[in-house]
Amino acid sequence: MNMTEMGEVVAYLLRYRSAERTPGGGRKRRAAREGQLSERDVCALIDDASEAEREALRDFLAGQGLRLKAFESGDYPGIAPGSRYYALLPDPELEQPPLYTREPVFEALKLRQESRAELAQWYLQLWLLMHTLLYTRYNRALSDVSRYQEATFAGAELVELMRDQLETLRSLGEEAPESSRVLLEERGEDISRRVRAFIDLQVRAGLLEGLRDAEASAGAEESVGEVWQQTLLGALESEQIGIHQLGHLQALAQGRAQGRYRGEDAYEADIDEHEETQA
C-alpha cells in the first residue's frame with residue numbers, strides 16, 4: 001500500500017466509517033465511485049498491507065484522532081465466516097482536530113433561526129431517547145455490543161417518545177430546567193421534521209440502517225415511518241461513549257448513592273445511641 005493508496009483508503013473510511021470483506025445481512029459491497037475505491041479494494045489493501053504499512057496507516061489516522069479496529073467473524077454476530085469488519089472510531093485518548101465540526105448537525109436540525117445551544121438541546125434529547133429505545137427498552141447495557149442486531153425502533157416511536165418528553169417538561173412548569181424550556185417552543189410538525197433529520201444524520205454516519213433497504217434509507221423522506229436497526233459501528237461507538245464520555249455520570253451516581261447510604265447509617269447509629277441512652 002503506497003501513499004496514494006493509503007490516502008484513498010482513509011478517504012473511503014472517512015466517508016463510510018466501516019468496511020467489510022464480505023458484508024452480512026444481505027448488504028451488497030459498495031461499488032467504486034468517481035475518485036473513490038470500492039469496498040472490496042479497500043479491504044484488500046488493508047488485508048495485504050505489511051506491518052510497516054499498517055503502522056503508517058495507524059499513525060496517519062492517529063493524527064486525526066482516529067483509530068481503525070478490525071473484528072473477525074467470531075467477535076460479534078453479523079460478521080460472516082471468513083470475513084473481517086473494519087471500523088473507524090474516534091480515539092478517546094486523542095484530541096479531535098478542529099476539522100471535525102458540528103455544522104452538519106446544526107444545519108440538519110435547524111428549522112428557523114434557532115441558536116446553536118437550542119439545536120444542541122434538540123440533538124441531545126433525541127440522542128438520549130434513541131438510546132432509550134435501543135438499550136433501556138431491551139434491558140441492554142452499553143457494553144452489550146453483540147446484541148446490536150436486536151436493537152430496532154420505528155421512527156414514529158422516537159417521535160412519540162419526544163412528545164412524551166415535552167409533556168413531562170410542561171408539567172414541571174417553572175421547575176423545568178431553563179436550558180430545556182426552548183424545546184417547548186416547537187410548532188406543528190417540528191418534532192417529526194427534527195426526528196427525520198436526526199435519523200438521517202445517524203444513517204449517514206453509519207450508526208443506523210434501515211431494515212428494508214440499508215442503502216436507500218440514507219435519503220429516505222419517510223424516515224419517521226421506517227424501522228431502523230443499530231449497526232455494529234453504532235454499537236461500538238455507543239460502548240466507547242459510555243466508557244470514556246459518560247463514565248463520570250456513573251461515578252457521580254455511585255457517589256450520591258454512597259452518600260445516601262452513609263447518611264442512613266449515621267441516622268440509624270443516632271437512633272441506636274438514643275435508645276441506649278434512654279435505657
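Axes are lines fitted to C-alpha atoms, for helices over the stretch in contact, and angles run from 0 to 180 degrees between N-to-C directions. The model shown in these views is predicted.

**View 1. Helices α6 and α7 pack with their axes 10 Å apart.**
The angle between α6 and α7 is about 125°. Angles from 65 to 115 degrees count as roughly perpendicular, and those over 145 as roughly antiparallel. α6 and α7 are therefore oblique to each other. The crossing of α6 past α7 is right-handed. On the α6 side, the contact uses Gly155, Leu158, Val159, Met162, Arg163 and Leu166. They meet Ile191, Ser192, Val195, Phe198 and Ile199 of α7. Eight residues of this α6 and α7 contact are nonpolar, two are polar and one is charged.

**View 2. Helix α5 crosses helix α6 at roughly 120°.**
α5 covers residues 116–134, and α6 covers residues 155–172. Their axes come within 10 Å. α5 and α6 are therefore oblique to each other. Here too, the crossing of α5 past α6 is right-handed. From α5, the contact takes in Trp122, Gln125, Leu126, Leu129, Met130, Thr132 and Leu133. From α6 come Glu157, Leu158, Leu161, Met162, Gln165 and Leu166. Sorted by class, the contact of α5 with α6 holds nine nonpolar residues, three polar ones and one charged one.

**View 3. Helix α5 also packs against helix α7.**
α7 runs over residues 190–204. The axes of α5 and α7 lie 11 Å apart, at an angle of about 70°. The two helices, α5 and α7, are therefore roughly perpendicular to each other. Leu119, Trp122, Tyr123, Leu126, Trp127 and Met130 are the α5 residues in this contact. Facing them in α7 are Ile191, Arg194, Val195, Phe198, Leu201 and Gln202. Ten residues of the contact of α5 with α7 are nonpolar, one is polar and one is charged.

**View 4. The largest pocket has a volume of about 1700 Å³.**
Its lining is made of 38 residues. Nearest the centre of the pocket lie Arg17, Thr101, Val105, Tyr123 and Glu237. By class, 23 residues of the lining are nonpolar, nine are polar and six are charged.

**View 5. Helix α5 gives the most to the lining of the largest pocket.**
How many residues does α5 give to this lining? α5 supplies eight. Tyr123 is one of the residues nearest the centre of the pocket. Tyr123 of α5 is also part of the contact with α7.

Notes:
Residues are numbered from 1 along each chain as its sequence is written. This is a predicted model: local features need pLDDT of at least 70, side-chain atom pairs count only at pLDDT 80 or more; totals for chains, interfaces and linings use all residues. Side-chain values use heavy atoms; hydrogens and water are left out. Helices (H or I, at least four residues) and strands (E, at least two) are DSSP runs, numbered from the N terminus. Angles under 35 degrees count as roughly parallel, over 145 as roughly antiparallel, 65 to 115 as roughly perpendicular and the rest as oblique. A crossing is left-handed if the near helix is turned anticlockwise from the far one by less than a right angle, and right-handed if clockwise. Contact means heavy atoms within 4.5 Å. Ala, Val, Leu, Ile, Met, Phe, Trp, Tyr, Cys and Pro count as nonpolar, Asp, Glu, Lys and Arg as charged, and the others, Gly among them, as polar. On a 1 Å grid over the protein atoms alone, a cavity is a set of points where a 1.4 Å probe fits but cannot get out, and a pocket is an open set with protein on both sides within 12 Å along at least five of seven lines; lining residues have an atom within 4 Å of a point. Grid points are joined across faces, edges and corners, and a volume is the space filled by probe spheres set on the points.
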